[in-house]
Amino acid sequence: MAGGLLLGGAIAALFAAALPLSDPSSGIVDPPPDKIVIKVATVNGSGCPQGTAAVAVSPDNTAFTVTYSEYLAQVGGNADPTAFRRNCQLNLIVHVPQGFTYAVASADYRGFASLQRGAASSEKASYYFQGSSSTAAITHPFRGPYDDNWQTTDTTEWSQLVWSPCGVQRNFNINTELRVNAGTSTPGSSSFMTMDSTDGDISTVYHLAWKECPAS
């Protein structure tokens, strides 16, 4: 299953805007100069069949992207009755430079939606470290009529960031979900939502915050 995602170099333009740093007293620092390495432990879900998602890390260690090619939820028309919900869970092994820890400060999601009048949809994302009881989950609703690209951003306050444990390897989990509900739309009419663009060239971007681990 790990082969279902491909690791590659990111396009620098995707990461031109880095996250601003907070007050130095917070302990937030610039990204470490050494590269981080992301490996895929597992990928599961109806929204990311094997071979349809890819991960890439930015050159400056401030973000990584996940690109999907078949992430589509739909209702009506000839859609399968189970197609109203699609999800994808990524279990990532993140190797960071020694002496540093990281947190996900924000995440950008984009795609396309075509919703009939009376229909509705939602995009939901949650992310957490293996073995941690802290899980951040945010849902963004959409209502028809709607026929356009969509974009959402989840942002975590600096004081609420969930940091990877220092000195311990914990896998990082990302669980995303798309749902479409026919609602009061015309029976048989088709509504759908994708997590990609009309040309399939779009990415979900996760921005990382860094700080140094306490001296052992």
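## A buried threonine

Thr194 touches Tyr71, Leu72, Gly111, Phe112, Trp150 and Leu178, leaving aside residues up to four places away in sequence. Contact here means heavy atoms within 4.5 Å. Thr194 sits in strand 13 (residues 191-194). Its relative accessibility is 9%, so Thr194 counts as buried. Buried means under 20% relative accessible area, exposed over 50%, and partly exposed in between (1.4 Å probe, protein chains only).

This is a predicted model: local features need pLDDT of at least 70, side-chain atom pairs count only at pLDDT 80 or more, and totals for chains, interfaces and linings use all residues. Residues are numbered from 1 along each chain as its sequence is written, and side-chain values use heavy atoms, with hydrogens and water left out.

## An exposed proline

Pro33 lies in the loop between strand 2 (28-29) and strand 3 (37-44). Strands (E, at least two residues) and helices (H or I, at least four) are DSSP runs, numbered from the N terminus. With 77% relative accessibility, Pro33 counts as exposed. Pro33 and Pro59 are 26 residues apart in sequence. In space they are 9.9 Å apart, C-alpha to C-alpha.

Two strands pair if DSSP finds at least two bridges between them. Strand 9 (residues 120-129) and strand 12 (residues 172-181) pair in the antiparallel sense over ten bridges. Ser122 has Arg179 as its bridge partner in strand 12.

## Aromatic pairs

The structure holds eight aromatic pairs. Rings of Phe, Tyr and Trp (its six-membered ring) pair if their centres lie within 6.5 Å; planes under 30 degrees apart count as stacked, over 60 as edge-to-face and the rest as tilted. The rings of Tyr102 and Trp210 have centres 5.9 Å apart and planes at 45°, so this pair is tilted. Tyr102 lies in strand 8 (residues 100-115) and Trp210 in strand 14 (residues 204-212), so the pair ties together parts that are 108 residues apart in sequence.

Both Tyr102 and Trp210 are buried. Ring pairs link Tyr102, Phe129, Phe172 and Trp210 into a cluster.
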